[in-house]
Each structure stands twice: as C-alpha cells, then as structure tokens.
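Open the structure in your viewer and keep the selection tool at hand.

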Amino acid sequence: MRPDRRRVLLVGGHESRDGRCLPGLVGPDGPEVRAVGRDLHAALVGRDRIVAVPMTLGRDPELTAVAAQTLRWVARERAPGDLLLAGPLGTTGHLVGWIRGAVTRALRDGPPRQAVLLVAPAAGPEPDAELFRVARLVRQYTSVRWVEVALIGGDPDVDEGVERCLRLGADGVVLVPASFVPVAPRPGVRTAGPLLGPASLATLVRERVAEAEHRWDRYGDDGLATVHHGHGHGHEHEHGREHGHRDEHDHTDRHRNPSVPVTANLKEAASHVG
C-alpha cells in the first residue's frame, strides 16, 4: 500500500456471517475484513488513514449505523478525516438487479418451467421480510413464474423451499444466493454461483472508497455524523429534500438511498453483475 493511500476495511454483518464469507470472495490480496463491533474497533486502534466499507447487499441497514458508532468513538482522539465511513456496498435496489442478473444466467439452460429459490441466512423479522419483498420485485422484473424464499436456519428452510416450488408446479429449482453466504448444493437441484464475482466486487469497493474520499476532500464530510438511529447514508439527505431543503451532498447518495424506487437502480446494478 502506498503511503498516500488509505487502508480499506470491509465491515461484515449478518449477510456475510460477520465477514467470514468475504475473504473467499475478495481473494488473498483483497482488503482486510472485520466484523462489525469489537472486531472493527480492534482493527482501528493504533492505525491511521482508514476508510471502512459496510459490506451489505441492502438487507442490513443497521450495519452502516453500528459501524459509524464505532468509528465515531475511535475518531474522538484522531485528526479530522483520519477515519472515513463509505456508503454501503449496495441497497435493496442493487440487490434486485444483481439477483436478476444471476437468474438470467442460471436459467439459460434447463427445463422451461423452473423456479428460483432465493437463499440467505435468517437474520430477524425485518431483514427476513425484506427478502420476501426482494423476491416479489425480482419476479416483477423477470419472466420467471416462481420466485420463492428460503432462510438458512429459519422458516422456511431450503428443503421446505424446494418442496414448495415443486408443489407449485415447477419442473426444476435453481438456488440463488441472496447474500454473501454460499448455498450448499442439493441433489437434483441446481445452484447458482455468487451474485458478485471477485472483479465486480473489487470494482464496487473501489467505487465506494472513491466516493468517501471525494466527499471528504470536497465537503469535509467523513460519513460519521450522517448515520443515526439505524439509518444509512442518504437518509438525512432525503429527509432534507422532503422538506424543501437543497442538499449539497445529493451527488453522492441518491443511488445508495433505500427510499429511491428500485427501478432507478436496476441499470446500475446490472453493470456490476458477474
């Protein structure tokens, strides 16, 4: 790492098993991975010029907020701008686009009446419900008749999800990961690869880092004060626009804001699939 470059930390939450699934995706030469909370705090102690990237695909809005709390605590005794918080890797809008790309690739071969089963670890009522909403949007924007959900360690589990797809009339089922966690193969069931390949993932991380550095260089915004009460980057910006206030940071966050309609993100998301 050049002396003028910031150290990049990837911050993992439930979508990556607290970061444990990320090293295999970013490779041995990729950025350092840390779990949100104490692990992230330990990585910040005694090290300077760091930018942290919350590694959420859109179903962990708390990840950015909790990472911000940790960085704010450590930043109290640091020079301004020493620690930066990037925007989350993706929103649910991006996630819909990435899943659409995975579904398109997975259904090129196989029987015509295939069902898609989105699979992710169970994480709690709200993020689990969000996955069902994502499934509905994927179905809306693809020609797939059945897009169902299965939760690893939750209800319905993967076996129950496969059985449901077959009962609905599907001739085959494709398991598509909706998180960074790989899906264990099952006999007679096809399994798609990760939503984001190493090259696409590296590109997205570089983009979020560049956005964070640009925001600091141009506006003196380290990303730490804009995250409160569980809301990620862009919430306060959108709040300001709703009340008629002009926000000078609008250039950075509209594509990250979960309140932006999903269709606004599909074209951008598709460009990073693979």
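Is R208 buried or exposed? Select R208 and look. R208 counts as buried, because its relative accessibility is 0%. Keep in mind that this is a predicted model.

**Stop 1: the partner of R208**

The side chains of R208 and E207 meet in a salt bridge, with 3.8 Å from N to O. E207 has a relative accessibility of 27%, so E207 counts as partly exposed.

**Stop 2: helix α7**

Select residues 198-219. This is helix α7, with 22 residues.

Next, colour the buried residues of α7: S200, L201, L204, V205, R208, V209, E211, A212 and R215. Step past the end of the helix to G220. G220 follows α7, and its phi is positive, near 65°.

Then select D221 and R215. They form a salt bridge, and the closest N and O atoms are 3.6 Å apart. Both D221 and R215 are buried.

**Stop 3**

Select residues 158-167, which make up helix α6. Show the side chains of R167 and E163. They meet in a salt bridge of 3.4 Å, N to O. Why are R167 and E163 separated by about one helical turn? They are four residues apart in α6, and that is why.

How does each of them stand toward the surface? R167 counts as exposed, because its relative accessibility is 58%. E163, at 46%, therefore counts as partly exposed.

How many salt bridges does a search of the whole structure find? It finds 13.

**Stop 4: the sheet**

Switch to a cartoon view. Four strands form an open sheet, in the order β6-β5-β7-β8, with parallel pairing. The edge strands are β6 (146-152) and β8 (190-191), and each pairs on one side only. In general, strands of a sheet pair through backbone hydrogen bonds.

Zoom in on β5, residues 114-121. Seven bridges join β5 to β6, and the two run parallel. Find P121. Its bridge partner in β6 is I152.

**Stop 5: helices across the sheet**

Select residues 92-106, helix α4. Helix α4 lies across β5, β7 (172-177) and β8, and runs at about 145° to β7. Now select residues 125-140, helix α5. Helix α5 lies across β5 and β6, at about 160° to β6.

**Stop 6: the nonpolar cores**

Which residues of the largest nonpolar core touch the most other members? Select M55, L89, I99, L118, V176, F180 and L195 to see them. The core has 45 residues. Its largest share, seven residues, comes from α4.

Centre the view on F180. Leaving out residues up to four places away in sequence, F180 touches E15, S16, C21, L22, L25, M55, L57, L89 and L201. L201 is also one of the buried residues of α7.

How values were computed. Residues numbered from 1 in each chain as written. Predicted model: local features only at pLDDT ≥ 70, side-chain atom pairs only at ≥ 80, totals over all residues. Heavy atoms only, no water. Expected span 1.5 Å × (residues − 1). Buried < 20%, exposed > 50% of the residue type's maximum accessible area, 1.4 Å probe, protein only. Pairing = 2+ DSSP bridges. Contact = heavy atoms within 4.5 Å. Axes fitted to C-alpha atoms, helices over the stretch in contact; angles between N-to-C directions. Core = buried A, V, L, I, M, F, W, Y, C linked by side-chain atoms within 4.5 Å. Salt bridge = Lys/Arg side-chain N within 4 Å of Asp/Glu carboxyl O.
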